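Biologist: I am new to this structure. Please pick one spot and take me through it closely.

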Amino acid sequence: MSRHFNFSAGPAALPEEVLKTAQQEMLDWHGCGLSIMEMSHRSDEFMSVAAQAEQDLRDLMHIPDNYKVLFLQGGATSQFAMVPLNLLRGKTTADYINTGVWSKKAIAEAKRYCDVNVVATTESTQFTSAPTQDELVLNPDAAYVHYTPNETIGGVEFDYIPDTGDVPLVADMSSNILSRPFDVSKFGLIYAGAQKNIGPAGLTVVIVREDLLGDTLAGTPTMYDYAVHAAAGSMNNTPPTLAWYLTGLVFKWLKAQGGVEAMEVANRRKAEKLYQAIADSKFFSNPVVKRNQSWMNVPFILADSNLDSTFIAESEKAGLLNLQGHRSVGGMRASIYNAVNEQAVDALIAFMNEFERTHG
Ligand code: PMP
């Protein structure tokens, strides 16, 4: 068996220890004589797995008691609709910050339900930065302010948490949740698709302040109502039990590594190394302003795009997988989530240096 270095943007690399534990427990979970995915979600066994995963996430993110943690399906994309359906709460307008592809998708969906006020956009500079706090023209009557703290495709990450006063702040943290500490009390709602820093695809984590629940837009489907999921412990219907279990293993692994505080140190080192290598190179470049260079997703282009396919072919041969940039932007992208260790980043940098020496 040989596991390669995996720079996929998502579904992304999982910690090897997690996969091994899952493998060991696959046929016979804790002596029960069956796997975790073959038992009722309401069994004592699965309920304990589910509760432990929630508790571990609460511990890792220091989630205050007045927040609900929901384990849902539908991906972050469903949250683009669930957020307005639940958080408009009688209001008709919401503020959105536009920093790239994922913000735009959130905005397009929200427009089905309310007037979207784009409070800042970096589109005119091809989304190569995030706006500063001073540049946000916020509406005090907005139902909420939505932003994307890390744009997975553009590789643009906010270097601060926007101050929105009394208006609830909503964050699509799909690609940077658990990458470093975030003060949850500054947010009304955080959501994230699991398949980057949380676990396998199929699960979506929502962390929501309790007082925002229970006043949905007329006609909201039952399964799109946070209050329904909160009341049912995220078991209003059959949850994705295997994904939930694997996610719990990732949270345990994170705790064993020293939590998000340790991830912050490791992720800063990994990102600084890679961006430095790109800055030192005459062949590779990254367009994002330094303060907003993402720690998780590092897009870069080659000086000669004719060499893109050669770069991909040779990197794969070297055991470095999934470096192709998003289909909408081209170029390359290295996603270096929590489960991608420094050794992988070192291997990538060595490969890039060698590629520049032989092709540059
Ligand atoms: N938001 C962001 C920031 C993302 O990176 C992604 C997925 N790449 C999504 C939303 C969509 O997530 P999902 O596929 O889980 O719906």
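Modeller: Start at Arg42. Leaving aside neighbours within four places in sequence, Arg42 is in contact with Met47 and Met235 (C-beta atoms, placed from the backbone, within 7 Å). This is a predicted model: local features need pLDDT of at least 70, side-chain atom pairs count only at pLDDT 80 or more, and totals for chains, interfaces and linings use all residues. Residues are numbered from 1 along each chain as its sequence is written.

Arg42 sits in the loop that links helix 1 (16-25) to helix 2 (44-61). Helices (H or I, at least four residues) and strands (E, at least two) are DSSP runs, numbered from the N terminus. Arg42 counts as exposed because it has 11 C-beta neighbours inside 10 Å (exposed means 12 or fewer, buried 20 or more, partly exposed in between). UniProt's unreviewed entry marks Arg42 with the annotation "binding site"; such annotations may be inferred rather than shown by experiment.

Now step back. Over residues 5-348 the chain is 33% helix and 17% strand. The end C-alpha atoms of that stretch are 9 Å apart.

There is also an open sheet of 7 strands, in the order 2-10-9-8-5-3-4, with mixed pairing. Strand 2 (67-72) and strand 4 (115-121) each have a single partner strand, so one side of each lacks a neighbour in the sheet. Strand 3 (residues 93-98) pairs with strand 4 in the parallel sense over 6 bridges (pairing needs at least two DSSP bridges). Here Asn98 stands opposite Thr121 in strand 4.

Last, confidence. The protein chain averages a pLDDT of 97 (the predictor's confidence in each residue, from 0 to 100).

Terms used
Two residues are in contact if their C-beta atoms, placed from the backbone, lie within 7 Å.
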